[in-house]
Amino acid sequence: MSPRLKLRDIAFFERPVQFARPFRFGAITINATPQLFVRAEIEVEGRGVAVGASAELLVPKWFDKRPELSPAQTVDGLRRSLEIARGLYLARTGYQTAFDLHASCLGAQVATCAKKNIPPLAAAYGPAEIDKAILDALLRAAETSFFDGMAGNIAGIDARLSPDLVGLDITTFLSGRVPLERVAIRHTVGLDDAVEGEGGVADARENSGARYFKLKLSGDPAADAARLARIGKELATLGHDYKVTLDANEQYADLAALRALMGRLDHDAALRPIATRLLYVEQPMPRDITRQSPLGALVAHGFIIDEADDSYDAFPAARALGYCGISSKSCKGLYKSIINATRAAKWSADGERFFVTGEDLTCQAGLAVQQDLALGAFIGVTHAERNGHHYVDGFGETPATEARAFAAAHPDLYADTGQGIRLSIHDGDLLTGSLNTVGFATSVHPDWSALRPLEQPRTLQEHLT
């Protein structure tokens with residue numbers, strides 16, 4: 001039986017994060033944005049009180065890309081999602097499993113957010129971050145690690161939100177997991193990142209020795225093809241083999257534009273260094289167009305959804321359209337990642353290939369990168385986009401004492417470079433050994449006294465003034 005818990009408190013905090021270089025993806029360029037921290041206090045039946053934590057950037061214009069909204073308005077949408085979720089979760093006053101709590105609040109969360117003009121992907125952000133903090137507290141109360149706890153289904157995950165599965169599918173998947181000891185980084189090449197020369201894609205000081213590369217697309221087939229040819233020419237100088245993925249962040253307007261790009265990849269000799277090493281293309285079209293557009297003959301190239309993954313039924317719906325994969329991001333919900341990984345394993349047993357990928361919405365050093373890395377290592381993600389160390393200088397605005405505490409507790413993940421503590425990458429890989437500790441992949445919590453309370457969302461009128 002999974003242990004039951006009840007919530008005592010949920011508190012939100014934030015910390016400013018300045019980027020070391022602009023990060024341009026889709027139609028947005030980020031130079032700075034706050035990082036959210038969640039502190040959850042629970043009482044576990046028969047085990048007493050425990051505190052858990054989670055963290056994630058409040059990323060503008062990704063969860064909600066509507067052009068009429070400013071970047072600040074979309075961040076405030078995430079803050080509203082958090083506050084709505086907090087109210088719903090704290091209203092559940094009885095003992096229940098961690099997944100009971102998630103499942104019993106999710107429908108009301110999406111419905112309430114819809115009334116506040118918050119789309120489903122942003123609506124899921126609040127529960128996703130609260131769930132991570134609750135799970136951290138539960139694992140601490142049970143004195144077990146994320147890997148061991150989830151293998152035994154400590155959260156009580158069942159099939160109520162995924163009727164295409166049965167409970168045995170989930171428990172069988174969980175109990176058979178052998179966490180990866182190493183996860184390769186996939187280096188992001190943003191639309192404003194240098195391609196050639198010093199600081200370019202082949203510069204080992206920039207790509208950290210990566211063997212996998214994630215290349216952002218703009219949505220213009222001709223411009224993207226020209227840029228990919230430049231990138232391919234540089235990657236050919238690496239001296240070792242490599243693989244690539246492409247990510248359009250919903251920028252391709254329709255199937256016609258997408259066919260134009262894929263046609264170039266198929267026939268342009270200058271694109272062969274990219275085309276022959278392409279693993280998949282991520283979220284090419286806007287989420288609403290995606291749902292109306294079967295891929296047809298394009299399926300041979302391998303496509304996955306990311307921003308269109310805004311509900312528990314998104315993966316089966318995408319499969320019917322010809323998509324073979326889906327991203328795992330803890331900011332979209334760790335339980336949904338596990339359900340989707342269960343589906344991929346079950347569907348692949350019939351001979352077709354379905355998979356879950358590891359994508360990164362700039363998980364920062366500390367809680368965010370550790371919890372997302374542990375989730376990926378648990379469900380079998382062999383390489384994951386890891387861009388927090390590239391776009392932010394180490395621990396950024398984190399107090400030095402806090403950064404040193406994370407480095408001391410997780411010496412396989414961080415190193416002091418002489419210019420501050422940074423993520424430690426070993427021959428292109430991150431090591432997961434120290435994540436196998438009591439709690440959700442961390443022996444350390446942030447210095448709560450060094451954080452400021454989450455800002456209150458502003459009204460539309462306040463944004464206009």
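## Strands and sheet

Strand E1 (residues 5-25) and strand E2 (residues 28-44) run antiparallel and are joined by 16 bridges. Helices (H or I, at least four residues) and strands (E, at least two) are DSSP runs, numbered from the N terminus; two strands pair if DSSP finds at least two bridges between them. Ala11 has Arg39 of E2 as its bridge partner. The model is predicted: local features need pLDDT of at least 70, side-chain atom pairs count only at pLDDT 80 or more, and totals for chains, interfaces and linings use all residues. Residues are numbered from 1 along each chain as its sequence is written, and side-chain values use heavy atoms, with hydrogens and water left out.

An open sheet is formed by 4 strands in the order E3-E2-E1-E15, with antiparallel pairing. Strand E3 (48-57) and strand E15 (452-453) are its edge strands, each pairing on one side only. Helix H1 (residues 71-90) lies across E1 and E2 and runs at about 165° to E1. This angle is taken between N-to-C directions, from 0 to 180 degrees, with axes fitted as lines to C-alpha atoms, for helices over the stretch in contact; contact means heavy atoms within 4.5 Å.

## Salt bridges

Side chains of opposite charge can pair when their charged atoms come close. The whole structure holds 45 salt bridges, each defined as a side-chain nitrogen of Lys or Arg within 4 Å of a carboxyl oxygen of Asp or Glu. One of them joins Glu56 to Lys132, with the closest N and O atoms 2.7 Å apart. This pair links distant parts of the chain, as Glu56 belongs to strand E3 and Lys132 to helix H4 (residues 125-142), 76 residues apart.

## The largest pocket

On a 1 Å grid over the protein atoms alone, a cavity is a set of points where a 1.4 Å probe fits but cannot get out, whereas a pocket is an open set with protein on both sides within 12 Å along at least five of seven lines; lining residues have an atom within 4 Å of a point. Grid points are joined across faces, edges and corners, and a volume is the space filled by probe spheres set on the points.

The largest pocket has a volume of about 320 Å³. Its lining has 19 residues, with Arg353, Phe355, Val356, Gly380 and Val381 nearest the centre. Strand E7 (278-282), helix H13 (334-348) and strand E10 (355-358) each give two or more residues to this lining, and E10 gives the most, with 4 residues.

## The largest cavity

The count comes to 5 cavities of 30 Å³ or more. The largest cavity has a volume of about 100 Å³, and Phe23, Phe25, Lys216, Asp360 and Leu361 lie nearest its centre.
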